[in-house]
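Let us learn to read a few features of a protein model. Have the sequence and the structure open side by side.

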Amino acid sequence: MKFLTIKFINITSLMLLPILLMGFSKSDITTRKVFKESISVSTATNLKVTNDCGPIEFKTISGTEARFEATLSVDGPTMEEINKVINQFELSVSESGNLIDVSANDNVKDWIRVKALFVNKNTITFNDGTEAYGINEMDVSFVIYLPEISKLSIYNKYDEVKYDNFNFDVEANLFSSDFKGGDIFGELDMDLKYGDINIGNIQDGDFQLFDCDSKVLNAENLNLNIKYSDVEFKDIDNFYMTSFDDNVSIGNIKDNIVIDAKYSEIILKNFTKGDFEFFDCDVKAIDGKYLKLDSKYSDFEFNDIDSISIEFFQDKLKVGDVNVLNARNTKYSSIEIDKIQHSLKAIASFQDDFEIDVVGQNIKNLEIEGKYTDLIFPIPSDVSYFLDANLTYSNFSFPDSCDDKDRDNGDQAFNINCEVKSPTDKSLSVKLDLFDADVVIK
């Protein structure tokens, strides 16, 4: 029995030996080599820069010569294996007319890295079939010294792009990258997945974002097509956005804002003209002049809006002062208004709640047509108006001048046409065409 025990221990030790020896391997070597190129450019130059092996940094300079410095850093077991990587690397610069293409090219076809209990494989295969073994890390830091040009196109994966300022149009196609810098005195066309943006002012912007965090200062004209992203902008002249499951914060919009969004949370400041289409969104804004809302299952909270047009399905709207509200084809929705100044019109309402806290003295029009809709619209006691009501199975308190007492006509149909407080041609017009409704107008 003693012999068998010793034999078992020896076998176990042999199995554990490769695992224990992994922690005592020879130290690796880190080597760096700098590659440099330069080329003449002009304000008509379109420059394309590619680096999929590491970060890119742009530094603004004067003159007419662009300089490129790529620092290749390789960590491996021997200089023989490291030199295989170095010999494959190319800093490629090609020119065709006004187009210059610059690429940090590692020429890697595939890199297989497997580290398991009994398998440890690390092989780089290059485009020409050469193989390098045991390379732990390969990185290319690319620095571009760039004078003023016409347009810059940037391509990067898995790393960072930095700049100070750009005085030209920029196009960026990035994957799992971060884009950081100052102002861009030109257009920015950004296509980014799984990255962060933190930059200054831009002129016009066109953004395609997927699972990104973006912070930008001011823009003139901005187009956003975003999913699963957190986006923050300051002031914008014109703003167009398609959004899916995003968090969006926008400052003041000088002119137009158009949004098509689903499952998003949106915060706005002031705007002039808005056209919104929402599905299951939460939206907050301060003041606006003109607003069109087409929505389902959303919550809205605004301060003061001059004119609103809505088409709702199971939505909630809370708003401060409103001059004009037009509603059409609203269903199962709640509309709460602090004060209505000029008119409220709702056509084809179905099971909605309209609650107005205060009606202004200069109110001109109230028109409601619907079924199962509740209305609270407290007309000031000194306001004269024409009343034209067609009510079926509804609860309604008649004005004193139209009936000698309050009446509940829950089981009846009433058609009433009367005048309250001697109205004139300029007085308020009240038209009600309701089925199974609760109405309060005094």
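This is a predicted model: local features need pLDDT of at least 70, side-chain atom pairs count only at pLDDT 80 or more; totals for chains, interfaces and linings use all residues.

Q: How many salt bridges does the structure hold?
A: The structure holds three. In one, the side chains of Lys-84 and Glu-81 meet at 3.3 Å, N to O.

Q: Why are Lys-84 and Glu-81 separated by about one helical turn?
A: Because they sit three residues apart in helix H2, residues 79-88. Lys-84 is partly exposed at 21% relative accessible area. Glu-81 is buried at 9%, since buried means under 20%.

Q: Which side chain meets Lys-151 in a salt bridge?
A: That of Glu-171, at 3.9 Å, N to O. This pair links distant parts of the chain: Glu-171 lies in strand E13 and Lys-151 in strand E11, 20 residues apart.

Q: Which side chain meets Glu-160 in a salt bridge?
A: That of Lys-180, at 3.2 Å, N to O. Here strand E12 supplies Glu-160 and strand E14 supplies Lys-180. Glu-160 is partly exposed at 21%, and Lys-180 is partly exposed at 35%.

Q: Is Asn-156 buried or exposed?
A: Asn-156 is buried, with a relative accessible area of 1%. Its place is in strand E11. A polar atom of its side chain lies 2.8 Å from the backbone oxygen of Gly-54. Asn-156 also touches other residues, including Asn-51, Ile-56 and Phe-175.

Q: What lines the second largest pocket?
A: Rolling a probe the size of a water molecule over the atoms shows where empty space is left. In the second largest pocket, that space is about 180 Å³. Its lining has seven nonpolar, two polar and three charged residues. Among them are Ile-379, Tyr-385, Ser-401 and Lys-442.

Key
Residues are numbered from 1 along each chain as its sequence is written. Side-chain values use heavy atoms; hydrogens and water are left out. On a 1 Å grid over the protein atoms alone, a cavity is a set of points where a 1.4 Å probe fits but cannot get out, and a pocket is an open set with protein on both sides within 12 Å along at least five of seven lines; lining residues have an atom within 4 Å of a point. Grid points are joined across faces, edges and corners, and a volume is the space filled by probe spheres set on the points. Ala, Val, Leu, Ile, Met, Phe, Trp, Tyr, Cys and Pro count as nonpolar, Asp, Glu, Lys and Arg as charged, and the others, Gly among them, as polar. Helices (H or I, at least four residues) and strands (E, at least two) are DSSP runs, numbered from the N terminus. Buried means under 20% relative accessible area, exposed over 50%, partly exposed in between (1.4 Å probe, protein chains only). A polar contact is a pair of N or O atoms within 3.5 Å; within protein, one must be able to donate a hydrogen and the other to accept it, and residues adjacent in sequence count only if both atoms are side-chain atoms. Contact means heavy atoms within 4.5 Å. A salt bridge is a side-chain nitrogen of Lys or Arg within 4 Å of a carboxyl oxygen of Asp or Glu. Lists of a residue's contacts leave out its neighbours within four places in sequence.
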